[in-house]
Amino acid sequence: MKEQAASLSDERIAYLEGLVRQGRTAAAVFTQCTQQDVDRIVKAIVLAGLEQAQYLARLAIEETRLGVLEDKAIKNMVATEFVYDYVRDKRTVGVIREFPERGLVEVAEPIGLIFSITPITNPTATVLFKCIMAIKTRNAVIFGPHPKAWRCCQEAIRIMYEAAVKHGAPEGVFTCLDSPTIDDNVYLMHHKDIRLIDATGGPGAVKAAYSSGKPALGVGPGNTPVYLDKTADLDMAVVDIITSKTFDNGTICASEQTVVIDDEVYDAVLKKFAELGAHICNEKETALLGRTVINPETGFMQPMAIGQKATDIARFIGLSVKPHTKLLIAPIQGVGPEHPLSVEKLFPVLSVYRARSVDEALRVCMDLNHLGGLGHTAVIFSRNDETIRQFSEVIDAGRIIVNSPGSIGALGGVYNDMVPTFSFGCGTGGGNSTTDNVNVYHYLNIKRVARRTQAHMWFRVPNQIYFNMNAVENLRQFPSRATMLVTNPALERLGLVDVVRRSLPPQTLVRVLAIPDAEPEVKVVLEGVEALNLHRADQIVALGGGSVIDAAKIMKLMYESPEADLEELAAPFLDIRKRVVQYPTGRTNQVRLIAVSTTSGTGSEVTPFAVLIDKQRGRKVTLADYSLSPDVAIVDPQFVMSMPKGLTADTGIDCLTHALEAGVSIHSSPYTDSNAMQAIRMAFKYLPIAYENPRNVEARSMMHNAACIAALAFSNASVGVNHALAHAFGARFGVAHGRANALMLPHVIAFNASVPTKFMPSPNQRAYVAHKKYAMVADLLGLGGDSVAAKVQNLIAATEQLLDRLEVPRSIADLGISKEEFERAMPDLAKIAFDDPSWRSNPRMPLVSELVELFWSAYRGRGPGKGVSVSEQFTAMEWSCV
Amino acid sequence: MTTSAVWIQVDPEHVVHALQEAVEKMNHGEAEVVLDFSSVPRIDPGAVAAMEELAGLAAGRSVQVVLRGVNADIYRVLKLVKLAQKFSFPA
């Protein structure tokens with residue numbers, strides 16, 4: 001500030017400080033006004049300005065000697081009446097917009113004290129416009145008019161101020177610098193109490209505003225190119241261009257500067273210009289104009305020409321024209337310093353260029369655009385929508401005016417529906433922060449009041465699920481010409497394939513594809529797709545456990561959408577609704593997928609997931625999309641009666657883990673909870689029976705249903721950190737998925753029931769409830785406990801007992817994995833587990849260090865003396881209520 | 001010198017007058033001035049100027065000026081003109 005004040009006297013600084021203090025107080029007091037207050041004042045000042053439109057125009061002409069009285073009066077009327085028409089119904093105080101369906105409200109906040117620079121070319125209209133903007137938005141303004149337009153601006157400000165204060169605006173709401181200087185401007189631009197600089201003026205003022213480090217609105221210089229193509233309405237175009245370019249003697253910076261005309265209509269257009277009062281310069285005259293109205297040293301227009309009549313300019317440079325000549329038209333052959341008339345000319349001199357093709361025309365327009373007019377305004381006259389589109393794409397202009405006058409068109413509200421303004425934002429091309437027609441919203445800070453939204457939830461399951469003994473017979477109701485029966489060799493040997501084959505409608509052409517009994521690799525899937533194509537299948541029946549059904553899901557995907565890129569589809573995501581990679585929707589083939597499950601664990605027959613083995617990277621890749629869900633699920637216990645004991649245990653624990661993780665998931669809902677709780681209850685009751693008495697039909701049937709029901713829950717609520725750990729560990733050490741889950745399960749319950757180090761951000765979670773949900777499970781299982789803590793501990797103990805009964809090893813160490821080997825694997829395990837999408841729905845966000853600790857807990861294992869328990873317990877009060 | 005407090009009820013129509021009265025009381029040696037704004041819905045630039053004067057005077061004489069019943073709109077004005085920190089606002 002001291003630096004800026006160096007050239008100012010103490011008296012001048014005191015004067016400027018007084019203006020700032022006055023404005024700051026007015027702005028502060030103004031914040032108390034209501035919308036009704038503001039609208040009343042705005043109407044009053046608009047009427048005051050409108051009434052004095054001609055008077056102010058005369059003052060401007062007398063002082064500046066620029067422009068045309070009648071046009072300046074019209075500008076003043078546009079600046080009041082048209083601007084009022086735009087702002088009258090706009091809410092600018094308090095709540096200005098509401099989006100109830102999105103929980104969003106926008107609240108207007110005044111900016112405070114604005115320092116506003118106004119130009120010589122449109123002095124009073126700009127003042128009137130800015131006064132209306134300021135009152136409508138409850139801001140105070142210190143005006144810094146162009147020194148050569150100071151008196152008319154001061155009078156315009158006085159008229160607006162008196163009307164404003166009379167109708168309730170605070171005193172000091174508008175002030176005007178007395179005898180403004182550049183030093184004053186610089187001082188105010190850097191003043192801490194000036195909140196915004198609104199600089200409508202020459203490039204120097206605008207640059208100073210942006211250099212001040214303050215928020216600023218500034219316009220940029222223009223050099224409006226016009227493309228007049230052969231399809232245009234030539235009569236209209238010529239009248240519009242003359243109207244615009246001669247309006248106020250061309251002082252509006254959006255006015256036309258060079259018209260690029262298609263060769264086919266060039267002569268006709270020039271003839272029309274001449275008929276309507278334009279003087280078409282010959283080569284010598286053009287050269288003369290170029291030497292005189294453009295400063296040969298700077299390449300900019302000569303100030304003496306700005307806003308002068310065509311006849312006066314002609315007389316001044318010694319050019320002979322008819323007495324009523326409106327416009328001087330100068331043909332040019334190119335754009336750039338060697339063609340002086342290709343720059344901005346704020347007077348009635350218009351350049352024209354003959355273009356031999358659309359491409360040439362666009363090139364020249366771009367050259368003009370880049371020669372000092374970036375971001376400002378461009379005009380096109382054409383009936384060809386494609387040309388208009390092309391022009392709009394290649395020209396960098398905040399306003400592209402179509403089939404109408406540039407200057408009046410850019411002002412908005414007259415020839416088009418743009419916002420009326422006297423300040424044109426020129427975007428970054430013009431060194432501005434906006435391309436908008438500056439309006440009331442640029443004079444406001446808009447606050448967004450964002451209410452917590454409730455995330456959209458869903459419960460998506462296959463259309464049809466058939467369950468209980470002999471449910472497979474329902475296959476008869478699905479007609480098919482060619483069915484591919486995907487299975488594995490073991491099931492074929494057991495005769496289960498024949499059971500399915502017999503259940504299909506008799507006319508069905510069935511081909512059996514037996515794939516290895518292991519999690520599918522890409523190669524297996526691609527071979528399956530080839531077989532589907534050869535067989536021209538319209539139905540896939542997947543008979544098997546998770547591996548077979550997952551393989552069939554991916555085969556279906558690739559068969560229906562051969563362009564699908566598995567690598568891309570496996571891309572990680574945080575929220576399935578916002579994922580980057582979308583699954584294909586267009587289908588080349590269409591095929592029905594019926595899943596007949598032969599294990600009671602994965603629930604793959606109803607899930608939207610499929611797991612592939614990525615052998616190269618030594619990990620599992622999870623595909624997830626509801627388009628992967630089978631169309632029909634058959635949950636028939638006859639297919640699991642011969643399941644080996646180990647498989648029964650592993651898959652059963654997988655089922656239990658699904659249900660427990662879905663139950664505490666951040667995506668859990670009453671819909672998924674009911675399924676999760678039921679599945680947990682069934683698994684605890686029937687899994688040990690099925691394990692110990694494999695031929696017990698009821699237990700097998702219940703576990704088969706439990707697996708499917710748990711899958712309905714986790715298909716919609718997802719799983720959690722237990723699965724992330726198990727995926728990483730299982731892939732690295734070749735341990736079956738269910739068994740890997742089992743090794744982690746008690747430790748993960750304890751982990752989730754502890755006070756989280758980090759919560760998982762989710763609008764669905766209104767409170768941390770994982771521990772309480774585990775207690776609910778304990779209650780459901782009748783485990784007892786007089787507090788949430790005791791119930792959780794009882795659940796952990798019951799889980800450990802179940803695992804013991806199923807003869808699951810108690811620790812990773814019990815699998816024969818040495819500590820050293822495990823330690824070596826740990827960095828990879830932790831990284832892979834952290835990359836696994838499964839934990840994204842876990843109630844507690846795991847830190848990498850916590851994943852490591854969980855792995856080590858599982859390594860040490862469960863059981864007597866191991867003390868798997870909640871580490872950091874919630875307070876007694878938290879624990880007391882379920 | 002005795003210390004005492006004075007209570008001034010601010011009339012919404014005569015805010016500046018009440019503030020001038022506070023200045024007078026201060027000049028008479030009051031150690032604390034309480035201005036009750038509870039019936040004042042808004043203030044104008046004149047009131048702000050009077051409050052600036054009052055705050056300056058109070059600071060020079062170590063007098064505490066307490067503003068009671070100031071609504072949020074007026075408090076916001078005082079914050080914007082950086083006067084809020086010069087007064088006390090009882091809970």
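This is a predicted model: local features need pLDDT of at least 70, side-chain atom pairs count only at pLDDT 80 or more; totals for chains, interfaces and linings use all residues.
**Entry: chain B on its own**

I started with chain B and counted 3 helices and 3 strands. Reading along the sequence, I wrote down the pattern β-α-β-α-β-α. Then I looked up the radius of gyration of chain B, which is 12 Å. The globule rule gives 12 Å for 91 residues, so chain B is as compact as a globular protein of that length. Along the principal axes, the C-alpha atoms of chain B fill a box of roughly 40 × 25 × 25 Å. I also checked burial: 30% of the 91 residues in chain B are buried.

**Entry: where chain B touches chain A**

How many residues does the contact take from chain B and from chain A? I found 10 residues from chain B and 10 residues from chain A. On the chain B side, the elements giving two or more residues are α2 (45-61) and α3 (72-80). The largest share of that side comes from α3(B), with 4 residues. I sorted the side of chain B that touches chain A by class and got 6 nonpolar, no polar and 4 charged residues.

**Entry: two helices in chain A**

Next I picked helix α6 (residues 123-136) and helix α7 (residues 150-166) of chain A. Two packed helices are described by the angle between their axes and the distance between the axes, so I looked up both. The angle is about 30°, and the axes are 9 Å apart. Angles under 35 degrees count as roughly parallel, and α6(A) and α7(A) are therefore roughly parallel to each other. The crossing of α6(A) past α7(A) is right-handed. On the α6(A) side I noted residues including A:Val127, A:Leu128 and A:Cys131. They meet a set in α7(A) that includes A:Ala156, A:Ile157 and A:Met160. By class, this helix contact has 11 nonpolar, 1 polar and no charged residues.

**Entry: A:Met484**

I finished with one residue, A:Met484, which sits in strand β17 (residues 482-487) of chain A. Is A:Met484 buried or exposed? I found 28 C-beta neighbours inside 10 Å, so A:Met484 counts as buried; the cut-off is 20 or more. Leaving out residues up to four places away in sequence, A:Met484 touches several others, among them A:Arg511, A:Leu513, A:Leu532 and A:Ile540. I also looked up A:His727, 243 residues from A:Met484 along the chain. The C-alpha atoms of A:Met484 and A:His727 are separated by 30 Å.

Conventions
Residues are numbered from 1 along each chain as its sequence is written. Chains are lettered from A and ligands numbered from 1 in the order in which they are written. Two residues are in contact if their C-beta atoms, placed from the backbone, lie within 7 Å. Ala, Val, Leu, Ile, Met, Phe, Trp, Tyr, Cys and Pro count as nonpolar, Asp, Glu, Lys and Arg as charged, and the others, Gly among them, as polar. A residue is buried if 20 or more other C-beta atoms lie within 10 Å of its own, exposed if 12 or fewer, and partly exposed in between; C-beta atoms are placed from the backbone. Axes are lines fitted to C-alpha atoms, for helices over the stretch in contact, and angles run from 0 to 180 degrees between N-to-C directions. Angles under 35 degrees count as roughly parallel, over 145 as roughly antiparallel, 65 to 115 as roughly perpendicular and the rest as oblique. A crossing is left-handed if the near helix is turned anticlockwise from the far one by less than a right angle, and right-handed if clockwise. The radius of gyration is taken over C-alpha atoms; the globule rule is 2.2 Å times the number of residues to the power 0.38.
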